[in-house]
Amino acid sequence: MSKNQSKESETPAANSLESAQRLEAIKNLIFGENIQQIDQDFQSLKNHIEKRKEELENLIDDTRKELNATIDNLATDLNIRITDLENSLNDKTDELNHKKVDRNLLGTLLVSLGEKIMKD
């Protein structure tokens with residue numbers, strides 16, 4: 001019985017191999033040399049697509065690097081401008097504080113001036 005099972009298992013494998021060979025022969029009869037040209041065209045297209053894909057990936061990487069550099073430059077410029085504005089604001093505030101008159105001091109000075117005027 002095991003010999004029969006062995007022969008039965010070999011038969012489907014042999015049949016599938018024979019079927020594949022028959023299909024290949026039929027394909028060659030129908031398409032002939034055209035199938036080789038089609039295969040070459042597909043391979044050429046595949047190679048062309050792969051080449052373009054690599055070029056696009058390189059372009060994307062270059063663009064990403066340029067954008068990151070530009071963003072870094074803009075961030076640096078923005079920080080410099082903000083720092084300049086803060087310094088300018090602090091300077092103006094200090095100048096205003098310097099120019100601002102203290103009310104108590106002004107009152108004391110006016111009283112003193114009034115007293116001087118009354119004495120004269």
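A residue is called partly exposed when its relative accessible area lies between the limits for buried, under 20%, and exposed, over 50%. The structure is a predicted model. Its chain holds 3 helices and 0 strands. Buried residues make up 1% of the 120 residues.

**Overall layout**

- Read along the sequence, the pattern is α-α-α.
- Helix α1 covers residues 2-31, and helix α2 covers residues 33-99.
- Helix α3 spans 103-119, and a loop lies between α2 and α3.
- The accessible surface of the chain comes to about 11,600 Å². Carbon and sulfur atoms account for 56% of that surface.

**Confidence**

- The mean pLDDT of the chain is 85. A value of 70 or more is reached by 89% of the residues.
- Where is confidence lowest in the chain, and where is it highest? Helix α1 has the lowest confidence, at a mean of 71. Helix α2 has the highest, at 93.

- How many salt bridges does a search of the whole structure find? The search finds 3.
- One of them joins the side chains of E18 and R22, at 2.6 Å from N to O.
- E18 and R22 are 4 residues apart in helix α1, so about one helical turn separates them.
- R22 counts as exposed, because its relative accessibility is 52%.

- R52 forms a salt bridge with E55. Their closest N and O atoms are 2.9 Å apart.
- R52 and E55 sit 3 residues apart in helix α2, so they are separated by about one helical turn.
- R52 has a relative accessible area of 37%, so R52 is partly exposed. E55 is partly exposed too, at 38% relative accessibility.
- D61 and R64 also meet through their side chains in a salt bridge, at 3.1 Å from N to O.
- Why are D61 and R64 separated by about one helical turn? They are 3 residues apart in helix α2.
- D61 is partly exposed, with a relative accessible area of 34%. R64 counts as partly exposed because its relative accessibility is 47%.

**A side chain that reaches the backbone**

- T83 is found in helix α2.
- Which backbone oxygen does the side chain of T83 reach? The side chain reaches the backbone oxygen of N79, at 2.8 Å.
- Is T83 buried or partly exposed? T83 counts as partly exposed, because its relative accessibility is 39%.

**A nonpolar surface patch**

- V101, L106, L110, L113 and I117 make a nonpolar surface patch of about 490 Å².
- One member, V101, has its place in the loop between α2 and α3.
- V101 counts as exposed, because its relative accessibility is 51%. The cut-off for exposed is over 50%.

Methods. Residues numbered from 1 in each chain as written. Predicted model: local features only at pLDDT ≥ 70, side-chain atom pairs only at ≥ 80, totals over all residues. Heavy atoms only, no water. Helix = DSSP H or I, 4+ residues; strand = E, 2+ residues; numbered from the N terminus. Buried < 20%, exposed > 50% of the residue type's maximum accessible area, 1.4 Å probe, protein only. Areas by Shrake-Rupley, 256 points an atom, 1.4 Å probe, with all protein chains shown as cover. pLDDT = per-residue confidence, 0-100. Patch = residues over 30% accessible without salt bridge, like charges linked within 9 Å, V, L, I, M, F, W, Y side chains within 5 Å. Salt bridge = Lys/Arg side-chain N within 4 Å of Asp/Glu carboxyl O. Polar contact = N/O pair within 3.5 Å; in protein donor to acceptor, adjacent residues only side chain to side chain.
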